[in-house]
Amino acid sequence: MKHNLPHYERGLPFQLGAQPVESPVVDVVRLMVALIASADAGDGDAQHRLGLACFHGQGVEKNLAAARRLQRAAAEQGVVDAQFELSLLLAQGLGGPVDARGARRWEQRAADAGHARACLNRGVRLTRARRPDLAEVARWYERAAKAGSAEAAARLCKMQLAGPGAARKQAAARRWFERAAALGYDWSREAKGSR
């Protein structure tokens with residue numbers, strides 16, 4: 001039986017569906033025991049992945065407090081994905097109290113390290129400023145797009161087309177349009193939204 005992993009579990013040190021197995025439940029248990037042992041031994045990547053498993057209740061009981069604790073341990077070791085996940089848990093008060101300052105700090109660390117979603121979030125937040133610094137917004141979107149964010153590439157395309165001197169920015173807009181499409185951005189929903 002082959003198992004398909006959700007996006008947040010791809011690349012686990014074990015692959016639940018890499019090959020057919022006779023008893024997938026036994027294999028999942030064996031593999032989760034190995035992941036827990038690695039996390040307990042201080043492996044930051046294992047802590048992050050186990051934190052995701054605890055958050056989603058996959059292979060272990062759902063436990064938001066444990067997810068938060070594990071993401072913090074991994075984040076403190078410099079695991080960028082854990083830094084971003086921890087920022088989300090802190091911002092939403094999942095597994096503990098809301099900590100807006102801590103959420104901003106961890107998101108900033110992830111963004112500084114080039115985490116695509118953290119960079120996109122930084123850019124989006126800057127657009128909400130009273131007088132947004134569009135050059136700074138574009139810088140964060142560009143970092144996000146270069147890290148693989150289709151949404152950021154699409155936003156850059158729109159910025160190029162909407163800004164002053166749009167005629168001379170068409171080449172840049174085209175490049176970001178193509179990058180967004182290559183990353184999987186669904187431009188057809190733009191057409192549906194304009195009707």
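Student: How many salt bridges does a search of the whole structure find?
Tutor: The model is predicted, and side-chain atom pairs count only at pLDDT 80 or more. With that condition, the number of salt bridges found in the whole structure is seven.

Student: How far apart in sequence are the parts that the pair Arg122 and Glu107 ties together?
Tutor: The side chains of Arg122 and Glu107 form a salt bridge, with an N to O distance of 3.7 Å. Arg122 belongs to helix α6 (residues 116–127) and Glu107 to helix α5 (residues 100–112), so the parts tied together by this pair are separated in sequence by 15 residues.

Student: Are Arg122 and Glu107 buried or exposed, and which residue is linked with them in a network of salt bridges?
Tutor: Both Arg122 and Glu107 are buried. A network of salt bridges links these two residues with a further one, Arg125.

Student: In the salt bridge of Arg174 with Glu178, which class of exposure does Arg174 have?
Tutor: The closest N and O atoms of Arg174 and Glu178 are 3.9 Å apart. The two residues lie in helix α9 (residues 170–182) and, because they are four residues apart, about one helical turn separates them. Glu178, at 43% relative accessibility, counts as partly exposed. Arg174 is at 56%, and the class that applies is therefore exposed.

Student: What covers the buried residues of α6?
Tutor: In α6, the buried residues are Ala116, Ala118, Cys119, Leu120, Asn121, Arg122, Gly123 and Val124. The helix has 12 residues and spans 17 Å between its first and last C-alpha, close to the expected 16 Å. The elements covering its buried residues include α4 (80–92), α5, α7 (134–146) and α8.

Student: Which helices do the buried residues of α8 pack against?
Tutor: α8 has 13 residues, and its first-to-last C-alpha reach of 18 Å is close to the expected 18 Å. Its buried residues are Ala150, Ala152, Ala153, Ala154, Leu156, Cys157 and Gln160. They pack against α6, α7 and α9.

Student: How many nonpolar, polar and charged residues does the contact of α7 with α8 have?
Tutor: The axes of α7 and α8 cross at roughly 145 degrees and come within 8 Å; the crossing is left-handed. On the α7 side, the contact comprises Leu134, Val137, Ala138, Tyr141, Glu142, Ala144 and Ala145, which meet Ala152, Ala153, Arg155, Leu156 and Met159 of α8. By class, the contact has 10 nonpolar residues, no polar ones and, among the charged, two.

Student: Which residue just after α4 takes a positive phi?
Tutor: Within α4, the buried residues are Ala82, Gln83, Phe84, Leu86, Ser87, Leu89 and Leu90. They pack against α2 (44–56), α3 (64–76), α5 and α6. Just beyond the helix, a positive phi of about 70 degrees is taken by Gly93.

Note on methods:
Residues numbered from 1 in each chain as written. Heavy atoms only, no water. Salt bridge = Lys/Arg side-chain N within 4 Å of Asp/Glu carboxyl O. Buried < 20%, exposed > 50% of the residue type's maximum accessible area, 1.4 Å probe, protein only. Expected span 1.5 Å × (residues − 1). Contact = heavy atoms within 4.5 Å. Axes fitted to C-alpha atoms, helices over the stretch in contact; angles between N-to-C directions. Left-handed = near helix turned anticlockwise from the far one by under 90°. Nonpolar A, V, L, I, M, F, W, Y, C, P; charged D, E, K, R; others polar.
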